[in-house]
Amino acid sequence: MRTPVSGPHSGAALGPTAAELLEFVRRTAADTDLIAALPLDPDGRTWIRLDGPGGSEAWLIGWPPGTGTGWHDHADSLGAFSTAAGTLKEQSLAVRLPTDGWKTLELAEGVDRSRQLSAGQGRAFGRHHVHEVLNESDTEHAVSVHAYYPPLPQIRRYSRTGAVLRLEHVERPEDWQ
Ligand SMILES: [Fe+2]
């Protein structure tokens, strides 16, 4: 386990950078024994909690065909994820939204981004990154590795109708335990 050090981090005084989280999720996604240990359930997502680097929170997640997260962000946590099996689609917003103080927000044209992440491909993201992750396959499970720092982030969940994003609720760590 590495010791967190101060340095040119993107915000937090201590803790891993997004690049370090990305390195971790890529390396972990390549651990075929670990990936094979995740139970897969056709009826819903499955999870195993992992020890992330530098005190980060990490998860191994199995995605049955057709499942997804819905639009959300991880508030003040930065993070990274990598596909380990199958293919995941990430839809995201290329703009930084106001953190608090709004219920609905109309997005300008041209802010949507979409990418396909097949096995071995990952991405890092900064604070307030709004996205949804989907397994659009009709037949194949996907498996991915995720890491967040600071750990146990808030999750803000949104509904989306066309260009309008609406804050639906805020999940806090106690909601998941
Ligand atoms: Fe997310």
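This is a predicted model: local features need pLDDT of at least 70, side-chain atom pairs count only at pLDDT 80 or more; totals for chains, interfaces and linings use all residues.

Student: Where is the place of alanine 163?
Tutor: In the loop between β11 and β12 (164-171).

Student: Which residues is alanine 163 in contact with, leaving aside neighbours within four places in sequence?
Tutor: Leu105, Glu106 and Leu107.

Student: And how many Å apart are alanine 163 and alanine 85?
Tutor: The C-alpha atoms are 32 Å apart in space. In sequence, the two alanines are 78 residues apart.

Student: New topic, the metal. Which residues coordinate the iron ion?
Tutor: Three histidines do it: His72, His74 and His131. Each uses its NE2 atom, at 2.0 to 2.1 Å. Their spacing in sequence is H-x1-H-x56-H.

Student: Where do histidine 74 and histidine 131 lie?
Tutor: Histidine 74 lies in the loop between β3 (71-73) and β4 (78-85), while histidine 131 is in strand β9. The pair therefore ties together parts that are 57 residues apart in sequence.

Student: Are those two buried or exposed?
Tutor: Histidine 74 is buried, at 4% relative accessible area. Histidine 131 is buried too, at 2%.

Student: OK, pockets. How much space lies in the largest pocket?
Tutor: About 460 Å³. Its lining has 21 residues. Trp47, Trp59, Ile61, Ile155 and Arg157 lie nearest the centre.

Student: Which element gives the largest share of that lining?
Tutor: Strand β2, with four residues.

Student: How many of the lining residues are nonpolar, polar and charged?
Tutor: Ten are nonpolar, six are polar and five are charged.

Student: Last one, the largest nonpolar core. How many residues does that core have?
Tutor: It has 18. Val25, Leu60 and Val145 have the most contacts inside it. The largest share, six residues, comes from α1.

Student: What does valine 145 touch, not counting residues up to four places away in sequence?
Tutor: Quite a list. Among them are Phe24, Val25, Ile35, Leu50, Trp59, Leu60 and Phe81.

Student: And which residues does the second core include?
Tutor: That separate core has eleven residues, including Leu93, Leu97, Trp102 and Leu167.

Note on methods. Residues are numbered from 1 along each chain as its sequence is written. Side-chain values use heavy atoms; hydrogens and water are left out. On a 1 Å grid over the protein atoms alone, a cavity is a set of points where a 1.4 Å probe fits but cannot get out, and a pocket is an open set with protein on both sides within 12 Å along at least five of seven lines; lining residues have an atom within 4 Å of a point. Grid points are joined across faces, edges and corners, and a volume is the space filled by probe spheres set on the points. Helices (H or I, at least four residues) and strands (E, at least two) are DSSP runs, numbered from the N terminus. Ala, Val, Leu, Ile, Met, Phe, Trp, Tyr, Cys and Pro count as nonpolar, Asp, Glu, Lys and Arg as charged, and the others, Gly among them, as polar. Donors are N, O and S atoms within 2.8 Å of the metal (3.2 Å for Na, K and Ca); water is not among the atoms, so sites may look incomplete. Buried means under 20% relative accessible area, exposed over 50%, partly exposed in between (1.4 Å probe, protein chains only). A nonpolar core is a set of buried Ala, Val, Leu, Ile, Met, Phe, Trp, Tyr and Cys residues joined through side-chain atoms within 4.5 Å. Contact means heavy atoms within 4.5 Å.
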